[in-house]
Amino acid sequence: MLTVSACAKVNLTLEVLGKRPDGYHNIASIMQAIDLCDTLTFEPHSDISLKCSVPSLNAPQNLVLRAARMLAKQSGTSQGARIYLDKRIPEAGGLGGGSSDAASALKGLNQLWGLGLSTENLAERAAALGSDVAFFLYGGTALASGRGEKITPLKPATEAWLVLLIPAIELTPEKTERLYGQTTSSIYTDGKATNRLKAHLETGRPMQPSWMFNVFEKVAFDFFPGLSVYKQRFLHAGAHSVHLAGSGPTLFTIAADQHEAHDIWHRLRGMGLSAEMARTV
Ligand code: C5P
C-alpha cells in the first residue's frame, strides 16, 4: 500500500494575458499550495480501478483514472493498481482538487510501478490532463505561465493562515471554460501584478492582500448567483479582504495568524456556512 496526499491551491495572482490560436488563454499566475488535502491510496493489482469517497466522482472520466491509464499506456507497463481517493477538497471550487488528484496519481503510480520518471518528465505528461495539473507535481509556491502548464518553482511564501468559504452554489458544467470565455481584451493584463508579487515574495515579508490579483474577480460575481452575498458575510465574519480562489466560487482570506483564522472560521460556521482553515505549504 502506498499513500500520497493531494493538496489544494490558491492563486495569489491570476492574470489572463490574451487568447491563443488553440482556444486557450496565456496566463501569468503565482500558485500556492495549501494544506487542505485529498488522500490517494494505491495497491498493486492487475487492472486499474478507482473508488472514491464521493460516489458521483466514481466515473470513467475522473482525472485520476485518465492519469493512470495515460501513464500505463505511455510507459508500456503491464501493472495496474487499485486506487482509493478520499476527498476533502470541495469539488469544482477553484481550488484545483481534481488536478491535484491527477498529479498525485502520476506521482503515486510512478513510485508503485517503479518507473523512475523525474518530476519534469511527469510535468510534461501532466499538461495533457489539464492546464493546472503540472503545478501540483511541484507544490509550494510557483509561477505558472503558458496556459498554466509551464511551472517555475519560487522561493516559498512566508507561512500564512487562510480561511476558505465554500459557497453553496450549484456546480456549473464546463465552469472553467465558460469563465475563461467571459474574459475579454478589456480585462487582459500584462503580467505586471505577477512580477510585482514575485519581487515581494523574494523579500520574505508576510503576504499582503494588496499584492494579490485575480482577473476572474471581474466576471465571477456576475457569473455565480449570490456570490457577492457570500463575500459580504465573509467580511462580517471578520475577513479584512476577500479573494476568489482560481475561477471560483470558493472565496478566501489571509488571516493575521492562526488565532484570527480560527475566529473567522468559527463565525462563518456559526452562520451555517461551509468553511475551512488552511495553512500554506
Ligand atoms: O486545461 P483545462 O482542461 O483545465 O481547461 C479547461 C478549459 O478552460 C479549457 O477547455 C479552456 O476552455 C479553458 N482554459 C483556457 N485557458 C487556460 C486554461 C483553461 O482558456 N489557460
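Me: What span should helix α6 have, and how far apart are its end C-alpha atoms?
Reply: Helix α6 covers residues 192-203, which is 12 residues. At 1.5 Å a residue, they should span 16 Å. The end C-alpha atoms are 17 Å apart, which agrees. The expected span is 1.5 Å times one less than the number of residues.

Me: Where do the model and the labels come from?
Reply: The model is predicted: local features need pLDDT of at least 70, side-chain atom pairs count only at pLDDT 80 or more, and totals for chains, interfaces and linings use all residues. Residues are numbered from 1 along each chain as its sequence is written, and side-chain values use heavy atoms, with hydrogens and water left out. Helices (H or I, at least four residues) and strands (E, at least two) are DSSP runs, numbered from the N terminus.

Me: Back to α6. Which of its residues are buried?
Reply: Ala193, Thr194, Leu197 and Leu201. They cover an arc of only 95° around the axis, so they sit on the same side of α6. The arc is that of the directions from the helix axis to the C-beta atoms. Buried means under 20% relative accessible area, exposed means over 50%, and partly exposed is in between (1.4 Å probe, protein chains only).

Me: Why would residues a few places apart point the same way?
Reply: An α-helix has 3.6 residues a turn, so residues three or four places apart point the same way.

Me: What do the buried residues of α6 pack against?
Reply: They pack against β1 (2-19), β2 (25-45), β5 (141-145) and β8 (213-214). Contact here means heavy atoms within 4.5 Å. On the other side of α6, Lys192 and Asn195 are exposed. Just after the helix, Gly204 takes a positive phi of about 80°.

Me: Now helix α3. Which residues are buried there?
Reply: Helix α3 runs over residues 119-126, and its buried residues are Leu122, Ala123, Arg125 and Ala126. Their arc is only 160° around the axis, so they are on the same side of α3. They pack against α1 (63-75), α2 and α4 (135-138).

Me: On to the open sheet. What is the strand order?
Reply: Four strands form it, in the order β9-β10-β7-β11, and the pairing is antiparallel. Two strands pair if DSSP finds at least two bridges between them.

Me: Which strands stand at the edges?
Reply: β9 (243-244) and β11 (274-279). Each has a single partner strand, so one side of each is left without a neighbour in the sheet. β9 pairs with β10 (residues 251-255) over two bridges, in the antiparallel sense. There, Leu244 stands opposite Leu251 in β10.

Me: Which helices pack on the sheet?
Reply: Helix α8 (residues 227-236) touches β7 (161-166), β9 and β10, and its direction makes about 20° with that of β10. Helix α9 (residues 258-270) touches β7, β10 and β11, and its direction makes about 170° with that of β11. Axes are lines fitted to C-alpha atoms, for helices over the stretch in contact, and angles run from 0 to 180 degrees between N-to-C directions.

Me: New topic: the loop between β4 and α2. Is Leu95 buried or exposed there?
Reply: Leu95 counts as buried, because its relative accessibility is 0%. Its loop lies between β4 (80-86) and α2 (97-112). Its contacts beyond four places in sequence include Ala8, Leu36, Phe136 and Leu164. Leu95 and Gly246 are 151 residues apart in sequence, yet 6.4 Å apart in space, C-alpha to C-alpha.

Me: And Lys87? Buried or exposed?
Reply: Lys87 counts as buried at 15% relative accessibility. Lys87 is also in the loop between β4 and α2. Its side chain makes a polar contact of 2.6 Å with the side chain of Asp38. Another, of 2.8 Å, joins it to the side chain of Asp101. A polar contact is a pair of N or O atoms within 3.5 Å; within protein, one must be able to donate a hydrogen and the other to accept it, and residues adjacent in sequence count only if both atoms are side-chain atoms.

Me: What is the phi of Ala92?
Reply: Positive, about 45°, although Ala92 is not a glycine. Ala92 is partly exposed, with a relative accessible area of 43%.

Me: Last one: which peptide bond is cis?
Reply: The one from Gly248 to Pro249, with omega near 5°. Pro249 is in the loop between β9 and β10.
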